Amino acid sequence: MNMRGYLLRKFIQALITVFIVIFMNFFLFRIMPGDPIRVLIRNPRISAGALERVRDQFGLNESRLVQFWIYLRDLFSGDLGTSFNYRQPVLDIVMERVPATVLLIGTATVLSIIIGVLLGVIFAWKRGTRIDIIGLSFSLILYSMPTFWVAIIMVMIFAVYWQIFPLGGMGMPGAFYSSYWVELASQLRYMFLPTITFALILIGEYVLIMRSSLLEVMREDYMLTARAKGVTNRNMLFRHAMPNAMLPVVTLIAINLGFIVGGAIQIETVFSWPGLGRLMYSALTNRDYPVLQGLFLFITIAVIGANFCADLLYRYLDPRVKS
Amino acid sequence: MNSALAKRDNFALLKKNMTSFWSIYRQNSMGLIGLVILLVFALMALFGPYLVEITVMAVDGVTQVIHPPTSGYWLGTDDLGKDILAGVIIGSRVSLLVGLAATAISMIIGTVIGIVSGFYGRAVDAVLMRITDVFLVIPWLPLMLVMAALLGPSLGNIIFVIGITSWAGTARIIRSQTLSVKERPYVERARAIGSGDTHIMFYHILPNVFPLIFANTVLVAAVAILSETTLSFLGMGDPTQVTWGMMLHFAFSMGAVSYGAWWWLLPPGICVVLVVLSFTFIGYALDEVLNPKLRRRDQ
């Protein structure tokens with residue numbers, strides 16, 4: 001199959017997935033018990049006539065199909081509804097929170113990939129030795145921990161007992177700084193703990209996948225050829241083994257995106273980090289359904305888009321897939 | 001081993017296979033450790049609630065809230081003065097129950113979709129796999145949270161939500177195995193003597209994908225237990241039930257972190273980690289036993 005055909009097929013697949021998600025997002029929020037209008041108005045003494053007018057206004061007297069059509073039309077004009085809690089358009093609230101989450105996820109992911117890949121290489125190279133076994137058990141144990149619990153422990157150690165880092169948040173509200181550098185230093189202090197915690201949680205899987213992938217590559221015939229040609233150990237590792245062993249890591253990033261988003265919700269909740277995850281938590285506790293619905297759609301489409309990109313990247317990186 | 005399981009009447013062979021399975025499994029120290037930990041927690045969940053009772057610690061009629069560990073209250077008390085050790089022991093039952101029930105739902109959905117998809121192929125396969133892909137790509141925690149929030153906090157809903165969102169990986173694995181199993185001669189033979197589709201799927205394909213289901217169940221169970229803890233922590237659990245996740249939820253929302261109340265935050269979490277770890281260990285061990293390719297020959 002040629003590149004363009006492949007691209008097109010993948011793109012259409014992603015589009016179908018997005019449409020199914022939109023469909024799900026609409027109907028999931030219709031299964032909730034109770035009348036949405038009563039939730040919205042929160043006044044038990046409202047007259048039947050007024051109720052009917054509001055129902056008419058929101059299009060709730062139309063059929064489900066017409067409602068879905070209205071939902072789609074609003075969606076494509078960027079209208080995700082209005083928050084019960086903030087009384088603001090959902091899209092604005094969501095967009096406001098994006099930078100904080102991207103900063104957190106981006107830094108943690110890059111950090112965990114670098115450290116994870118390095119550790120994975122070391123463990124694979126020293127397979128079966130004590131360092132490999134200790135490292136492997138650590139990765140497994142970290143992998144088995146609930147993310148929010150690791151975050152709680154980190155806060156307890158570093159912010160409550162030792163008080164090296166702040167408890168949470170993204171900065172002191174209303175604080176003035178004497179210079180840009182002081183502000184940056186303060187920002188970094190707030191960022192440090194959530195980022196390190198996040199990276200710690202993500203590292204385990206990268207270590208495991210890099211280790212097993214490298215072990216597999218080292219068994220390949222071309223590695224034997226390289227050794228026979230007299231390539232040094234270092235060159236064998238960095239020139240021949242690493243580039244090939246890195247491929248599953250790229251796939252893992254894509255597969256992991258859902259897991260990363262889940263981690264962000266938990267870490268932002270524990271650290272009061274003002275991003276999308278924290279917004280989701282507060283929408284859940286306040287039963288702010290429009291925000292919840294918009295946020296779910298936004299996150300899911302972002303993940304589908306990122307998956308699509310990772311797919312393309314993988315194809316670009318691995319010449320074997322192209323033919 | 002695979003074909004032996006298909007011959008349901010041949011118990012002697014089955015027994016011999018189980019014995020040889022055990023003799024390989026026994027050599028795997030990881031698998032043994034996992035099994036022992038799991039057994040301890042299973043006993044705790046079975047008998048714990050009959051042996052202990054959640055009492056309130058009081059000194060001279062004054063309730064001792066968020067009290068550090070003392071004699072009699074080995075893990076201290078929570079914000080209502082209740083015994084945390086008793087809570088952890090009693091909480092094991094519902095925590096494990098939710099995890100196992102959700103795993104069962106997930107495995108049933110995953111197996112049925114996997115086998116049907118692989119067996120029928122063509123349009124059925126295309127549609128089912130598209131749905132599977134959707135479930136694979138949607139971030140699981142937001143989906144579970146949204147569903148749990150809409151259905152309302154109850155034990156049954158938590159089980160349902162975890163089960164319905166975690167089957168996709170299983171379906172993919174079972175499907176690919178089904179694709180290879182259905183080409184084997186005995187399936188053709190069964191068809192030749194007039195077996196129907198359902199019969200073939202149930203008596204010829206299912207037994208042969210069973211080892212895979214078995215190994216996968218353990219890993220799904222680990223995920224299910226983690227999910228229960230996370231959902232409860234984020235406030236989607238049933239507030240009337242004692243689970244490790246609910247204990248952590250109350251501890252966090254009552255400010256145990258700023259109190260530095262480690263005795264309240266550590267024990268439920270450690271229990272979750274141990275159970276999840278035991279499932280992971282058993283999963284790895286099963287993988288090595290059932291997948292001969294992974295068995296190391298160089299050691």
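Thr103(B) touches Thr217(B), Val220(B), Ala221(B) and Ala224(B), leaving aside residues up to four places away in sequence. Thr103(B) belongs to helix H4 of chain B, which covers residues 84-120. With a relative accessibility of 4%, Thr103(B) counts as buried, because buried means under 20%. The model is predicted.

**Contact between chain A and chain B**

- Chain A gives 48 residues to the contact, and chain B gives 43 residues.
- The size of an interface is often expressed as the accessible area that is lost when the parts come together.
- Between chain A and chain B, about 4,000 Å² is buried, and carbon and sulfur atoms give 80% of that area.
- There are zero salt bridges between chain A and chain B.
- Four residue pairs are in polar contact between chain A and chain B, counting pairs with both residues at pLDDT 80 or more.
- On the side of chain A that touches chain B, the elements that give two or more residues are helix H1 (3-28), helix H6 (130-143), H7, helix H8 (180-218), helix H11 (247-271), helix H12 (276-285) and helix H13 (289-317) of chain A.
- Sorted by class, this side of chain A has 36 nonpolar residues, nine polar residues and three charged residues.

**An aromatic pair across the two chains**

- Over all chains, the structure holds 19 aromatic pairs.
- One of the pairs is formed by Phe148(A) and Phe233(B), with 3.8 Å from centre to centre and 10 degrees between the planes.
- This pair counts as stacked, because the planes are under 30 degrees apart.
- Phe148(A) lies in helix H7 (residues 147-161) of chain A, while Phe233(B) lies in helix H10 (residues 197-233) of chain B, so the pair joins two chains.
- Both Phe148(A) and Phe233(B) are buried.

**Aromatic rings within chain A**

- The ring centres of Tyr180(A) and Trp181(A) are 5.7 Å apart and the planes stand at 70 degrees, so this pair is edge-to-face.
- Tyr180(A) and Trp181(A) are both exposed.
- One aromatic cluster is made up of Phe19(A), Phe23(A), Phe26(A), Phe27(A), Phe68(A) and Tyr71(A).

Technical notes:
Residues are numbered from 1 along each chain as its sequence is written. Chains are lettered from A and ligands numbered from 1 in the order in which they are written. This is a predicted model: local features need pLDDT of at least 70, side-chain atom pairs count only at pLDDT 80 or more; totals for chains, interfaces and linings use all residues. Side-chain values use heavy atoms; hydrogens and water are left out. Rings of Phe, Tyr and Trp (its six-membered ring) pair if their centres lie within 6.5 Å; planes under 30 degrees apart count as stacked, over 60 as edge-to-face and the rest as tilted. Helices (H or I, at least four residues) and strands (E, at least two) are DSSP runs, numbered from the N terminus. Buried means under 20% relative accessible area, exposed over 50%, partly exposed in between (1.4 Å probe, protein chains only). Contact means heavy atoms within 4.5 Å. Buried area is the accessible area (1.4 Å probe) that two parts lose on being put together, summed over both. A salt bridge is a side-chain nitrogen of Lys or Arg within 4 Å of a carboxyl oxygen of Asp or Glu. A polar contact is a pair of N or O atoms within 3.5 Å; within protein, one must be able to donate a hydrogen and the other to accept it, and residues adjacent in sequence count only if both atoms are side-chain atoms. Ala, Val, Leu, Ile, Met, Phe, Trp, Tyr, Cys and Pro count as nonpolar, Asp, Glu, Lys and Arg as charged, and the others, Gly among them, as polar.
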